[in-house]
Structure formats: structure tokens, C-alpha cells
Amino acid sequence: MAFDPCGIIGKSTPLQEVFRVLTKVAPSDSTVLVTGESGTGKELLVRALHRNSKRADKPFVPINCGAIPRELLESELFGHEKGAFTHAIRTKVGRFELAHGGTVFLDEIGEMDLLLQVKILRVLQEREFERVGGSKTIKTDVRIIAATNRNLEEEVGRGNFREDLFYRLNVIPIDLPPLRERGEDVLTLANYFLGRFGKNRPSGTLNLEQQARNILLNYSWPGNVRELENFMERMSILCDGNQIALGDLPEKILKETGIEPPPRPLAATDGAFRWPDLGDLRDYGPTLKDFLDQVEDRLLTQALEEAEGVKNRAAEILGIKRTTLIEKLKKKDMM
Ligand SMILES: Nc1ncnc2c1ncn2[C@@H]1O[C@H](COP(=O)(O)OP(=O)(O)OP(=O)(O)O)[C@@H](O)[C@H]1O
Ligand SMILES: [Mg+2]
């Protein structure tokens, strides 16, 4: 049966090689380890893998091992019995059980803690586990697909990743090439995204001028397809007319490809409003919260000065309720 690419766009040789492996591996039950830089489309690929497998009509259960705190991840994966820990009010079924018959996608597996890695190894070897706080062994029939943007072999060398688990996962390695190595795919993808984001534009879908195309082909795309997608969305909103010209491209891209950015008519000049940037955050922060607190303090003080201390008026100037203003002032010890 032909492989359904499920929305993965691109025809470059490195991507075709990926499809060749996918076509072979999808119908099998083998464990697959997908690697590639951030934004290369690992998740999209794993979903396609499941959709093209004989488990397609069974659950696809993704879990982001990097996004869930270590203490919660174990019970997310394996479930827990009532009373297993303080907040375990009722029994919880874990993702491995929910996925029975289907596929579990362990995303960002490189972030997983060493103790949990042992348990994953057991599922891979024995297809069994216990819920947290439980003694009953549960059998599960799942296919495991893992992804990471780390180099797991290096992590093994550093002692951050178990060697035995690495080899168990790495049965079929698929490495997604970075976008900068996919040649003309950059333009195919750019046009695909422009088509998608152009649907609601009054002046129709944007086109890329020849010079802009050359630049996109030469840029390094550190954020890969995600960066390109976000960029095309931004262009679709910000560009007038129906062409993306050299001057529309952000400085970052122009500079890297050796083009001096043309002067921008809307650039803030002295005295004009300027959005704060990371330099300001570093000078006044150090954290985002500290920085925003200081901005808020200044605005509150100015509003109070302008309102000559009358809280009702100050609140009106700020567009907030009087009670909210008072709450803020109390919290900040400003009254
Ligand atoms: N070949 C492609 N064709 C169409 N869209 C793509 C392609 N590759 C990636 N995308 C889109 O780019 C975005 C990023 O893809 P995805 O989330 O799969 O990347 P990732 O490798 O998992 O990234 P991360 O490592 O940051 O988690 C998504 O919106 C996805 O739909
Ligand atoms: Mg991902």
C-alpha cells in the first residue's frame, strides 16, 4: 500500500529518503526513534507513521516527556492506584493503558529522568508495568515511537541517558534533515503556507519575488519548518499587496544572507515610542516578572500623579476598576 504523507510537504532527495524508510517501517510493529532539530516536523512524521500503520484505527497517545514535571510523568504514563500518594484520590489509568492496541508517542524522550527510563525499558522488553502504588502487573500491547532533538548517543556518553534504553529505542532510527538541507522544499513549503494563510487576505495569496526567493533558499532556518511557517503567517498579515519583496524580509534573514537591509520607513526615531527589547530586560529585569512589575509601577505612579492622587480618576486613566487599582497599590506597598 502506498504511504499517505498526511500533510508532510516536500520532494527533496533527503525527504524522499525519509519517506522510503517510513513506507517500509510503518506497517511493522518496530520501535522507531525520530531525531532532528527543533521544528523539522518530527511530530507530524510520527502521526503519519501511526496513520499508515495497522494500528491506525486504534488510539494514538502522545506524551511530551519534557513538558510534564518528573513527579507527575510516572503516573501519567503508568497510572496510579487510589491512595498511592497524597493527592491520589482515585485510581487513574495511565497513557500506556489508554493506548492499548495503538501507539504511544514519547516526545522529547531525551528529557526523561533516569529512574523512569528503567520503567520504559521494561515496557519495551516485557510489555508490562505496574501502576504507581499498585502491585498488579498490567500487560499492554502498544507500539512505541520516541522523538528527540538531542543527540542521544552523546547523552549516553554524558551519563544522562541509559545505554540499554537507547539501543532498544534505536531499532529504526529516522533522522529528519534540517530545512536548510532540503533545497527547493523551502519554496514549496513557503508557497504552501502562503496559500494557507492567504485564504482570508483581501488582496489574495502572496507571491515571493525572485530576489526574496533566493534569500529564503540561502537562509539557515535555525527554527526549521516552524520558523518558516510562522514567518509566512506574519508576512500574510503584514504585507500589503500581493508580493513579498526583499524589503519585506526581516533584518535577521537579510543580514545572515549578506544583504544590507533597506531603510524602514516606520523605524522609530529619537523620542518616538520604542518597544522594550531584551536589552532592556537584561538592564532592568532580571526576570520578565521583575521587568513587567517595574513597568507597571511607573504607569501606576504616573496615573496617580496625573489624577492628583484621586484613585477613581487614576483608575479611569489606566482603564481598570478602582478596586483593582487599590489592590495593586496595596500589593506593591504604594499606599
Ligand atoms: N514537511 C512539512 N510539511 C508541512 N508542514 C510541516 C512540515 N514539517 C513541519 N511542518 C509544520 O511545522 C511545525 C513544526 O512541526 P513539528 O511540531 O512536527 O516539529 P518538531 O520537530 O516536533 O519540533 P520540536 O522539536 O520543536 O517539537 C508544525 O506546525 C508542522 O505542521
Ligand atoms: Mg515536537
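E37 and R180 form a salt bridge, with their closest N and O atoms 2.5 Å apart. Welcome to a predicted model, in which the protein is split into domain 1 (13-177), domain 2 (180-256) and domain 3 (278-331).

**Layout and extent of the interface**

- Between the C-alpha centres of domain 1 and domain 2 there is a distance of 34 Å.
- Domain 1 brings 8 residues to the contact, and domain 2 brings 9 residues.
- Together, domain 1 and domain 2 bury about 700 Å², and carbon and sulfur atoms account for 36% of that area.
- On the domain 1 side, 54% of the area buried against domain 2 comes from E37, G39 and P177, more than from any other three residues.

- The interface of domain 1 and domain 2 has 1 salt bridge.
- There are also 7 residue pairs in polar contact across the interface of domain 1 and domain 2, counting pairs with both residues at pLDDT 80 or more.
- Sorted by class, the residues of domain 1 that touch domain 2 are 4 nonpolar, 3 polar and 1 charged.

**A look at T31**

- T31 sits in the loop that runs between α1 (13-25) and β1 (32-35).
- T31 counts as buried because its relative accessibility is 6%, under the 20% cut-off.
- Beyond its neighbours within four places in sequence, T31 is in contact with L124, R127, I144, R168, L169, V171 and I172.

How values were computed
Residues numbered from 1 in each chain as written. Chains lettered and ligands numbered in written order. Predicted model: local features only at pLDDT ≥ 70, side-chain atom pairs only at ≥ 80, totals over all residues. Heavy atoms only, no water. Domains from an automatic or database assignment. Contact = heavy atoms within 4.5 Å. Buried area = accessible area lost by both parts, 1.4 Å probe. Salt bridge = Lys/Arg side-chain N within 4 Å of Asp/Glu carboxyl O. Polar contact = N/O pair within 3.5 Å; in protein donor to acceptor, adjacent residues only side chain to side chain. Nonpolar A, V, L, I, M, F, W, Y, C, P; charged D, E, K, R; others polar. Helix = DSSP H or I, 4+ residues; strand = E, 2+ residues; numbered from the N terminus. Buried < 20%, exposed > 50% of the residue type's maximum accessible area, 1.4 Å probe, protein only.
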